[in-house]
Amino acid sequence: MPRQVDHRQRRRQIAEAVWSVMATRGLDAVSLREVAAEAGISMGRVQHYFSSKDAMILHACEAMAEAAYEDAVGSPADAGAGGEGPVPAEPASRHPVRNVLLAGIPHDETHRLGAGVWFAFLTKAAVWPELATVVRRQLDGAHAFLASTLGEADAAGSLRDGVDPAAEAVALLALADGVVLRVMVGSLDPQSAVAAVDARIAELFIAP
């Protein structure tokens, strides 16, 4: 019997090769040939899944966003109606909020390289509308998840008075982006970044 091909796994393999090329040589070095060599597969196999470099890069960005989202809040299979993110198991808890905000802080070289790749996608998205759409989907999803989680915490009486869940979600994401950038350039260590996020969360939630 012919062996079944896991196409999802093949596409993920190619995405990971794109990340690896970007991490070591930058986005401009990404090509079908370079990615094939990095993945240890033929260029024809890469072309079977992606007809162009642009299509491959867009997929790699989307795959990175999905992987980060799953690490922070769970599988997309757990998503609520409308695809705006999973319904938190503990809606009144601060832990889902903390997980999302700390997910991008690089604590080791592997995560630092990953953050560098994501920033490269962000930079390119400023001049590439199709890539901006992929990035915006991830950012909007993170905001929707935080706003929903904070809203449920507010309804459960876990937030301090006067907190606007939607507005606070914007502020929290801006805080997370800022500390990640500072860690990346060496102006803040990871432990201080975590402490800054934890301090803000403590200001929002009523102590249990």
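Among contacts in the chain between residues at least 6 apart in sequence, what percentage join residues at least 24 apart? The value is 67%, where contact means heavy atoms within 4.5 Å.

## Model and conventions

This is a predicted model, in which local features need pLDDT of at least 70 and side-chain atom pairs count only at pLDDT 80 or more, while totals for chains, interfaces and linings use all residues. Residues are numbered from 1 along each chain as its sequence is written, and side-chain values use heavy atoms, with hydrogens and water left out.

## Overall content

The chain has nine helices and zero strands, in the order α-α-α-α-α-α-α-α-α along the sequence. Helices (H or I, at least four residues) and strands (E, at least two) are DSSP runs, numbered from the N terminus.

Of the 208 residues, 39% count as buried. Buried stands for under 20% relative accessible area, exposed for over 50%, and partly exposed for values in between (1.4 Å probe, protein chains only).

## Helix H2

Helix H2 covers residues 32-39, and its buried residues are Leu32, Val35, Ala36 and Ala39. They lie on the same side of H2, because they cover an arc of only 105 degrees around the axis; the arc is that of the directions from the helix axis to the C-beta atoms. An α-helix has 3.6 residues a turn, so residues three or four places apart point the same way. The buried residues of H2 pack against helix H1 (7-25), helix H3 (43-49) and helix H4 (53-73). Arg33 and Ala37, on the other side of H2, are exposed.

Glutamate 38 also belongs to H2 and is partly exposed, with a relative accessible area of 36%. Neighbours within four places in sequence aside, glutamate 38 contacts Ala17, Ser20, Val21 and Arg25. Its C-alpha atom is separated by 8.0 Å from that of valine 18, 20 residues apart along the chain. Just after H2 comes glycine 40, with a positive phi of about 75 degrees.

## Helix H7 and its partners

Helix H7 (residues 129-155) has 27 residues and should span 39 Å at 1.5 Å a residue; its end C-alpha atoms are 38 Å apart, which agrees. The expected span is 1.5 Å times one less than the number of residues. Glycine 157 follows H7 and has a positive phi, near 80 degrees.

Two packed helices are described by the angle between their axes and the distance between the axes. Axes here are lines fitted to C-alpha atoms, for helices over the stretch in contact, and angles run from 0 to 180 degrees between N-to-C directions. The axes of H4 and H7 come within 9 Å and cross at roughly 10 degrees, so H4 and H7 are roughly parallel to each other. On the H4 side the contact includes Leu58, Cys61 and Tyr69, and on the H7 side it includes Leu131, Val135 and Phe145.

Helix H6 (residues 109-125) packs on H7 at an angle of about 125 degrees, with the axes 8 Å apart. This pair is therefore oblique: angles under 35 degrees count as roughly parallel, over 145 as roughly antiparallel, 65 to 115 as roughly perpendicular and the rest as oblique. Residues of H6 that meet H7 include Trp118, Phe121 and Leu122, and those of H7 include Leu131, Ala132 and Gln138.

## Leucine 131

Not counting residues up to four places away in sequence, leucine 131 touches Leu58, Cys61, Phe121, Lys124 and Ala125. Leucine 131 and histidine 59 are 72 residues apart in sequence and 9.4 Å apart in space, C-alpha to C-alpha.

## Helix H8

Helix H8 (residues 165-185) has 21 residues and reaches 30 Å from its first C-alpha to its last, close to the 30 Å expected at 1.5 Å a residue. Its buried residues include Leu172, Leu173, Ala176 and Val183. The buried residues of H8 fall within an arc of 135 degrees seen down the axis, so they line one face of the helix. What covers them includes helix H5 (95-102), H6, H7 and helix H9 (190-204).

Valine 183 is in H8 and is buried, with a relative accessible area of 1%. Among its contacts beyond four places in sequence are Pro106, Arg112, Leu188 and Ala193. Valine 183 and arginine 112 are 71 residues apart in sequence and 8.9 Å apart in space, C-alpha to C-alpha.
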